[in-house]
Amino acid sequence: MHLKQLLAGVTALALGLSLAACGADSSSAAQESSRPAAEATAEPEATPEQTEETPETAGAALRIAGLKGPTTMGLCNLIADSEGSGRYDFTMYGAADEIVPLLVKGELDAAAIPANLAATLYQRTEGAVQVACINTLGVLYVVENGDTIQSVADLKGQTIWTTGQGTTPEYVLRYVLTQNGLDPDTDVDIQWASEATEALAHVQAGEATIAMLPQPFVTSALNQVEGLRVALDMNTEWEAVAGSKLVTGVLVARTDAIQRDPAAFEQFLADYAASVETANTDLEGTAALCEEYGIVAKAALARQALPECNIVFETGDEMKADLVNYFQVLYDADPASVGGAMPDDAFYYGVAASEDAAA
């Protein structure tokens, strides 16, 4: 079958996977999701064409894509520091379905995307992409207009407004509830909204007191609703029951782009690690860049949200361990959420190579 057919299936799959932009009015926010649609369960149809190395491409800039929101916050200092260097060509996109066809066709070399989309792309392209690092941990928080919820157990008998039915936020919420001895179907009343603003509106109207929302929308909501507080950090709750970190975003790269110039890719990862460190230490400067590059609408919001967005740089065995555990929970809930199968070792950049060397 043809590359065009593969693109149609994978692009359709990505429609539910984007980390949505934090808009000018902060009406939408970054949240990871996966859509268990029919096209997501189809068998891989073809392997995308490999980009042939030429004298021009061998020394070309690494073409990197980012999505508006937390998964790209850690990149903004790299973008600023490398301007004019010719090493990196960075483009911002509003949704994953814009990035997927470019990545599949080899018109992009790397992208910051939701973790489960990376796993799905690996399956659908028969190994044409690899995950190089985790760049964002969980961004979901339970907020309450009140002081009733101090633990997951306190959610029993409560109504929770949230978004992402049939997607990763639902899988995370149900897993945390179940592992704490609560039945998501009988012990709590989960109400599904189409977007975070709708969920928050029910709290603002006094129709509800509890919602599970993503960053940076949580920060915006805390500024809008008097008395609203963060009751539960879903990262903490996940780690307590799963024994690993809750993952939101990763940096995925085409295998042929890595192999074209391995030293250049390693330098990129070193530059990326430095950029993440700056993002977590220079909040004012990073927030200003987030607004400048359109990653978050306003610097003031980015400055407040950055400490809660869990921007990280995880590679190697640590990256693999956290992703394997995370993917397993999603797979158990719905295999389509990770492309129908758990990724094998070749998916994890640097890990298989180091194991082979040790053998």
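Helices (H or I, at least four residues) and strands (E, at least two) are DSSP runs here, numbered from the N terminus. With that settled, let's walk through this model together.

The structure is a predicted model, where local features need pLDDT of at least 70, side-chain atom pairs count only at pLDDT 80 or more, and totals for chains, interfaces and linings use all residues. Residues are numbered from 1 along each chain as its sequence is written, and side-chain values use heavy atoms, with hydrogens and water left out.

## Aromatic pairs

An α-helix has 3.6 residues a turn, so residues three or four places apart point the same way.

A pair of aromatic rings is described by the distance of the centres and the angle of the planes. Rings of Phe, Tyr and Trp (its six-membered ring) pair if their centres lie within 6.5 Å; planes under 30 degrees apart count as stacked, over 60 as edge-to-face and the rest as tilted. By this rule the model has 11 aromatic pairs. In one of them, the ring centres of phenylalanine 265 and phenylalanine 268 are 5.9 Å apart with planes at 45 degrees, so this pair is tilted. Phenylalanine 268 also forms a tilted pair with tyrosine 272, at 5.7 Å centre to centre and 35 degrees between the planes.

Are these residues buried or exposed? Buried means under 20% relative accessible area, exposed over 50%, and partly exposed in between (1.4 Å probe, protein chains only). Phenylalanine 265 and phenylalanine 268 are both buried, and tyrosine 272 is buried too.

Elsewhere, one aromatic cluster is formed by Tyr122, Tyr175, Trp238, Tyr326, Phe327, Phe347 and Tyr348.

## The five-stranded sheet

Next comes an open sheet of five strands in the order β7-β6-β8-β5-β9, with mixed pairing. Two strands pair if DSSP finds at least two bridges between them. At the edges sit β7 (189–193) and β9 (228–233), each of which pairs on one side only. From one strand to the next, the twist averages 30 degrees. For this and other angles, axes are lines fitted to C-alpha atoms, for helices over the stretch in contact, and angles run from 0 to 180 degrees between N-to-C directions.

Strand β6 (residues 159–163) runs parallel to β8 (residues 210–214), and two bridges join them. Five bridges join β6 to β7, and these strands also run parallel. The table lists some bridge partners of β6.

| Residue | Bridge partner |
|---|---|
| isoleucine 160 | isoleucine 190 in β7 |
| tryptophan 161 | alanine 211 in β8 |
| threonine 162 | methionine 212 in β8 |

Four of the five residues of β6 are buried, so this strand is largely enclosed by the rest of the structure. From β6 the chain crosses through helix α7 (residues 168–179) to β7 in a right-handed β-α-β crossover. A crossover is right-handed if, with the strands pointing away from the viewer, the path from the first strand over the helix to the second runs clockwise.

Which strands does helix α8 lie across? Helix α8 (residues 196–204) lies across β5 (140–145), β6, β7, β8 and β9, running at about 155 degrees to β8. Contact means heavy atoms within 4.5 Å.

## Helix α13

In helix α13 (residues 283–292), the residues Leu283, Thr286, Ala287, Leu289 and Cys290 are buried. They cover an arc of only 160 degrees around the axis, which puts them on the same side of α13. That arc is taken from the directions from the helix axis to the C-beta atoms. Their cover includes α3 (70–73), α4 (76–81), α12 and α14. Glycine 294, with a positive phi near 75 degrees, follows α13.

## Backbone details in loops

The peptide bond from glutamine 215 to proline 216 is cis, with omega near 0 degrees. Proline 216 belongs to the loop between β8 and α9 (217–224).

Glutamate 126, a residue other than glycine, has a positive phi near 55 degrees. Its loop runs between α6 (115–124) and β4 (129–137), and at 47% relative accessibility glutamate 126 counts as partly exposed. Asparagine 310 likewise has a positive phi, near 55 degrees. Asparagine 310 is in the loop between α14 (299–305) and β11 (311–314), and counts as partly exposed at 21% relative accessibility.
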